[in-house]
Amino acid sequence: MTNRVQLAHLPTPIEPLPRLSQFLHGPELYIKRDDLTGLGIGGNKTRKLEFLVGDALYQGADTLISAGAVQSNHCRQVATAAARLGLSCVLVLTGAEPELKQGNLLLDFLSGAETRFVANRHDRETTLETTFNQLKHAGKKPYLIPYGGSNAIGALGYADAMRELKSQLFAPDWIVFASSSGGTHAGLVLGAHETGSKAQILGVRIDLEPAEFAPVIAKLVNEAAQLEGLDWQTDASAIRLNGDYCGAGYGVLQPLDIEGVKLFAHYEGITLDPVYTGRAAGGLIDLIRKGFFKPTDRVLFWHTGGAPALFAEPYQSALGK
């Protein structure tokens, strides 16, 4: 049994990308606009948070705790969800506290979230645990939302998104998107199974290499399937991940990332973010140029949001040239 709270503007639209398709001389391109989910300027985490925050409210929580990078899209949406529902919010962010609050961090601040900055991921996990225990000791009822909202409960948001896609009577041959913490990817795989979709689910890795992460995604798929009462399991061999574009590391912009952002803006008037959708779009563009897709394929780019990061350094400098 799962609990859910309504946070997103759904269904998000599907739009053709005719000018970009023509420019690239490739397959027929479409986009699923999860940048328009509405919560805190939108993004894919809102779908996950409908289930995660629903579970938090069911458990009687009064404080949401989560973690991410300083420009975390996930943390921005957690902060906004907490504000909408009258909950407190504490965010543990990896990186030095900037002098100016820009991009996602500014929206965290405006939503009333408390922010704590740590040097690295190890410190982040320790600080999360300490923060959770401090709040409990103070009489609060904290609820820990994992990095990226990526656990079995969060993955249910994208299993549901595949049901939404089916209801829109759109059947792509490929679904291409940014794959990072794994919850979106796991939900899409589970939802494809549940709906009988024949689409190939292809995640473009944003940070870790595919061999390291495919088993993590498969585990999430199976745990989410159990929550939905399904007698079905998958394994890492069924997880499609492309790690050709993540070698520079998380958030380190490369020429293809920048090209992805600029081409979507120039040819379709669609704003991508520099870290996630920019990298996924750059990968998609490169794959098209290499002939990875058939000319007759219908390729759906699933836009997971993140535009506020465009308005923070160092991304402004890299994209403004």
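Which helix and which strand each supply at least two residues of the lining of the second largest pocket? They are H7 and strand S8 (200–205). Helices (H or I, at least four residues) and strands (E, at least two) are DSSP runs, numbered from the N terminus.

Before you start: this is a predicted model, where local features need pLDDT of at least 70, side-chain atom pairs count only at pLDDT 80 or more, and totals for chains, interfaces and linings use all residues. Residues are numbered from 1 along each chain as its sequence is written, and side-chain values use heavy atoms, with hydrogens and water left out.

**Stop 1: the second largest pocket**

Select Val 189, Ala 192, His 193, Ser 197, Lys 198, Ala 199, Gln 200, Ile 201, Trp 232, Thr 234, Ala 238 and Arg 240 to show the lining. A pocket is an open set of points on a 1 Å grid over the protein atoms alone, with protein on both sides within 12 Å along at least five of seven lines; a cavity is a set where a 1.4 Å probe fits but cannot get out; lining residues have an atom within 4 Å of a point. The volume of this pocket is about 220 Å³, counted as the space filled by probe spheres set on the points, which are joined across faces, edges and corners. H7 gives the most to this lining, with three residues.

**Stop 2: H7 against H8**

Select H7 (residues 183–195) and H8 (residues 210–227). They pack at an angle of about 55 degrees, with axes 8 Å apart. Axes are lines fitted to C-alpha atoms, for helices over the stretch in contact, and angles run from 0 to 180 degrees between N-to-C directions. On H7, show Gly 183, His 185, Ala 186, Val 189 and Leu 190; on H8, show Ile 217, Leu 220, Val 221, Ala 224 and Ala 225. These residues make the contact, meaning heavy atoms within 4.5 Å.

**Stop 3: the largest cavity**

Next, select Asn 44, Lys 45, Ala 178, Ser 180 and Tyr 276, the closest to the centre of the largest cavity among its 15 lining residues. Its volume is about 140 Å³. H7 returns here, giving the largest share of the lining, three residues.

**Stop 4: the second largest cavity**

S3 gives the largest share of the lining, three residues.

**Stop 5: the largest pocket**

Finish with Val 70, Gln 71, Glu 313, Pro 314 and Tyr 315, nearest the centre of the largest pocket. Its volume is about 310 Å³.
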